[in-house]
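Follow how they pair along the chain.

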Amino acid sequence: MQSPRERSEVRPRAGWMVMGKRGRPSALEVCRVLAVFLTLFPSVSLQCKILKCNSEFWASTSNSGPEEEVCAALRTYNSCVRRTARTCRGDLAYHSAQHGIEDLMSQHNCSKEGPTSQSRTRTPLPSPPRPSLPDSQERSDGPEVCHYERSIPRNTAPPNYTHCGFFGDPHLRTFGDDFQTCKVEGAWPLIHNRYLSVQVTNTPVVPGSVATATSKLTIIFKNFQECVDQKMYHAETDELPAAFADGSKNGGERHGANTLRVVEKVPGQHVEIEAKYIGTTIVIRQVGRYLTFAVRMPEEVVNSVEEGDNQDLYLCLHGCPANQRIDFRNFRARAAEAQSAGRTRSSSAHGFTYQSAKAKCKERLPVEDLYFQSCVFDLLSSGDINFTMAAYYAFEDVKMLHSNSKRYHIFENDAFMSSAAQRGKSLFSLLLLNLLSLLLWIECCTVHL
């Protein structure tokens with residue numbers, strides 16, 4: 001999306017009509033009404049993630065201040081909306097916001113360039129740099145800015161930690177607790193924000209199969225203030241290093257270097273990376289021939305998007321693209337049907353029937369949740385018994401890293417009901433949004449006449 005163009009005259013637009021000085025509060029109120037509506041009905045803009053832009057603009061203009069503050073809020077709003085352009089084309093909420101920004105910036109004589117504002121609902125991450133500690137103090141501890149939880153201002157709500165996991169054929173649990181089975185062959189980004197990037201490379205498990213698994217994983221920790229130098233960790237099948245690519249085990253030579261470190265738990269099988277300066281813990285395992293990944297990360301770090309960056313392809317944040325998802329329920333149903341009909345040869349091509357796969361997975365995963373179901377899928381699609389342990393360890397990592405014990409297990413019915421409810425809510429919300437737009441258009445046309 002291009003920046004709002006400068007116009008020498010104000011032209012009325014349906015739904016966003018402005019009429020001189022008297023129109024200013026009305027136009028701003030219209031924008032607020034739309035923002036509040038989208039906050040109440042977030043599924044309207046769930047896929048294109050414009051809800052965050054609308055809610056922050058509403059928060060920053062809840063108490064109208066001087067003209068320059070309105071312009072700053074509009075520039076921030078415009079910047080946020082521009083970042084959603086790739087995923088929001090065709091979305092009614094996106095285009096309504098786009099047109100509203102143009103009219104409001106023109107009405108308030110706001111230039112495209114200038115200071116922006118930060119939403120009052122956000123807290124800085126992390127707190128501003130502090131002077132280096134005297135040499136007499138413990139260097140291993142580092143300055144306070146290098147400890148995420150210590151840097152949070154007092155009387156502030158504790159951070160909300162989120163979890164993402166990637167394992168097996170592969171199966172993905174997003175930061176939002178969506179559970180998906182995906183193809184995603186080749187290199188795919190899991191995470192990318194201001195502080196680190198994670199990319200995996202997946203290869204076919206069996207020639208000709210759509211099922212893949214992770215054979216390579218690369219993590220880049222970006223240099224950060226007085227805490228850490230840029231570090232890269234790279235792992236691949238049969239190479240799970242106990243150090244970063246440069247041979248070091250911490251964040252380098254800076255004062256807070258030990259707030260980033262690699263810890264080898266089981267040689268060649270289990271490594272953890274602690275990044276205390278961003279409150280993050282990463283667990284990497286090799287199970288059989290393939291790698292698994294799990295992370296615990298503060299929500300604020302998850303959402304620390306770089307300016308101009310499109311987040312739609314990052315799997316931990318938005319899940320796998322629709323054309324890359326596998327419905328393993330259909331796969332499982334066909335295997336069960338084949339066995340019940342006595343056609344065991346097709347269902348045991350990789351050494352397991354539906355019932356034997358269930359029995360094997362039950363040994364490690366007694367609860368028939370989606371981790372259990374993913375184990376069954378992996379055994380049926382590959383015949384590799386190591387995937388039983390991959391699912392088991394993935395669930396063990398959930399128990400270690402997830403902040404909500406009530407959300408450890410995700411069940412198939414929960415996922416289905418959540419998806420159905422979301423679709424129903426989207427249709428209802430879209431209907432209300434169209435009705436609201438029609439009413440605003442009729443009202444503005446009536447005023448103009």
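Is Cys320 buried or exposed? Cys320 has 1% relative accessibility, so Cys320 counts as buried. Buried means under 20% relative accessible area, exposed over 50%, and partly exposed in between, with a 1.4 Å probe and protein chains only.

This is a predicted model, in which local features need pLDDT of at least 70, side-chain atom pairs count only at pLDDT 80 or more, and totals for chains, interfaces and linings use all residues. Residues are numbered from 1 along each chain as its sequence is written, and side-chain values use heavy atoms, with hydrogens and water left out.

The structure holds 5 disulfides. A disulfide is a pair of cysteine sulfur atoms within 2.5 Å. Helices (H or I, at least four residues) and strands (E, at least two) are DSSP runs, numbered from the N terminus.

Start with the partner of Cys320. A disulfide joins Cys182 to Cys320, with S to S at 2.0 Å. Cys182 sits in the loop between strand E3 (179-181) and strand E4 (186-192), and Cys320 in the loop between helix H8 (315-318) and helix H9 (328-340), so the pair ties together parts 138 residues apart in sequence. The torsion about the S-S bond of Cys182 and Cys320 is about 95 degrees, so this disulfide is right-handed. Cys182 has 0% relative accessibility and therefore counts as buried.

Next comes Cys146, joined to Cys227 by a disulfide with S to S at 2.0 Å. Cys146 lies in the loop between helix H5 (92-107) and helix H6 (148-151), and Cys227 in the loop between strand E6 (212-221) and strand E7 (231-236), so the pair ties together parts 81 residues apart in sequence. The link of Cys146 and Cys227 is left-handed, with -95 degrees about the S-S bond. Both Cys146 and Cys227 are buried.

Now turn to two helices. A disulfide joins Cys361 to Cys375, S to S 2.0 Å. Cys361 is in helix H11 (residues 354-364) and Cys375 in helix H12 (residues 370-382), 14 residues apart. The torsion about the S-S bond of Cys361 and Cys375 is about -90 degrees, so the disulfide is left-handed. Cys361 counts as buried because its relative accessibility is 0%. Cys375 also counts as buried, at 0%.

How do the helices themselves meet? H11 and H12 pack at an angle of about 130 degrees, with their axes 9 Å apart. Axes are lines fitted to C-alpha atoms, for helices over the stretch in contact, and angles run from 0 to 180 degrees between N-to-C directions.
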